[in-house]
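Me: I'm new to this one. Could you walk me through how to read a few of its features?

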Amino acid sequence: MADAYFPKWRLNTGGVVAPDERLPPAQTLAMGLQHVVAMFGSTVFAPLLMGFSPNIAILMSGVGTLIFFLVVGGRVPSYLGSSFSFIGVVIAASGYSGGGMNPNIAVALGGIVACGVVYAAIGLIVMGIGTRWIERLMPPVVTGSVVAVIGLNLAPIAIKSHGASNFEDWMAVVTFLAVGLVAVYTRGMVQRLLILVGLVIASVVYAILANGLGLGTPMNFSDLAGAAWFGLPNFTAPVFNPRAMTLIVPVVVILVAENLGHIKAVTAMTGQNLDRYMGRAFLGDGLATIVSGAAGGTGVTTYAENIGVMAATKIYSTLIFATAAVVAIVLGFSPKFGALIHLIPAPVLRGVAIVIFGLIAVSGARIWVDNKVDFSESRNLIIVAITLMLGTADFTLKFGGFALGGIGTATFGAILLYALLGPKGGEPARQSDRLLDALE
């Protein structure tokens, strides 16, 4: 008998929580809030770089996540947030010079919608012909490399954005130590909310040291007090310009690669084969990008940040992401929420980012371990070595007006390297010894 479209979500009150299981309502809400916190920094940061509205980005991340949830039938745990892959092409297509709202945002939105249409079409194709070709293109040595690169590529966002003072750098250290202490020395729900609890602890410490002792820039509560509880964001309709669409649509290749890598990572963590939902995941992400672009939001993608939270908490229930989506939609209409988030000190956000991005990178290594990738083979060593370097250093290749950034270059580099160096047979098992000896 065929499976129902949606799972039944059996109750699970302890241990690893599978995608088709659920926590009690209060814990589901708490975990949903943690996922909102995890995605918030990147989902807001990306639109700021493109001159888009952060409030609309938050709102559309929630709408997009619900669309994704419905299309995949609640089978794939993922949160959709602002994609960084659009930044370069949007700036090029709109001529955005930085600072304030993008005056040509409508032209960029037309390109984003067009990209979503192509993405959705790819999803339909994958639904029709299956995913076996994906297995051939991206075996564990490739997917592990891509997932690790996603975390390492994001690291400069946290590491290189050093604070304005030595105090701020030390506060980032306090933050990731707080998260680590919560993860190791607490139990139960507190441990599962390690990111959120660690963030609150670090923010309190910051307030004591900065506001109380004057060691840093004080937290300013005046904007929070004066912000309205409810307010409509300024929606913008897209304009379809052929040049802008030509520049932006190729981003679909990166979105497909990112989504595929994320699903592979979740598959490895959950132990459930989610490849059969790959086409629906592409379709859901494509439709979410269309809706977001049509309302004035950024293109969206499945978020590695939330994969990091799942890796830390071992909670994969898809109902948590539906809950997070609803919370994001509500908060998208609240200027008060925006002011509250902006109240979180920058070094505290940096510290949390260090933890989350690191967990993403480690998830890639887990794929290698779980699938017993043989690093005695020179092929695997070369693929991993080159992929990690390309992605970590953000190696960028330009094709006319289109720029393929570090994650995209590393992803397609890994796929091409595997195709060129793929299993030939007849090679000695310890061929890597010769490769490593040559380096000595």
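Me: Is Gly279 buried or exposed?

Reply: Buried means under 20% relative accessible area, exposed over 50%, and partly exposed in between (1.4 Å probe, protein chains only). Gly279 comes in at 3%, so it counts as buried. Keep in mind that this is a predicted model: local features need pLDDT of at least 70, side-chain atom pairs count only at pLDDT 80 or more, and totals for chains, interfaces and linings use all residues. Residues are numbered from 1 along each chain as its sequence is written, and side-chain values use heavy atoms, leaving out hydrogens and water.

Me: What is Gly279 in contact with, leaving aside its neighbours within four places in sequence?

Reply: Contact means heavy atoms within 4.5 Å. On that basis Gly279 touches Gly123, Val126 and Met127.

Me: And which helix is Gly279 in?

Reply: Helices are DSSP runs (H or I, at least four residues), numbered from the N terminus. Gly279 belongs to α13, residues 278-295. Of the 18 residues in α13, 14 are buried.

Me: How do I read a pair of aromatic rings?

Reply: You describe it by the distance of the centres and the angle of the planes. Rings of Phe, Tyr and Trp (its six-membered ring) pair if their centres lie within 6.5 Å; planes under 30 degrees apart are stacked, over 60 edge-to-face, the rest tilted. There are eight aromatic pairs here. In one of them, Tyr5 and Phe6 have ring centres 5.0 Å apart and planes at 85°, so they're edge-to-face. Tyr5 is partly exposed at 42%, and Phe6 is partly exposed at 32%. Ring pairs also link Tyr5 and Phe6 with Trp9 and Phe69 in a cluster.

Note on methods:
Helix = DSSP H or I, 4+ residues; strand = E, 2+ residues; numbered from the N terminus.
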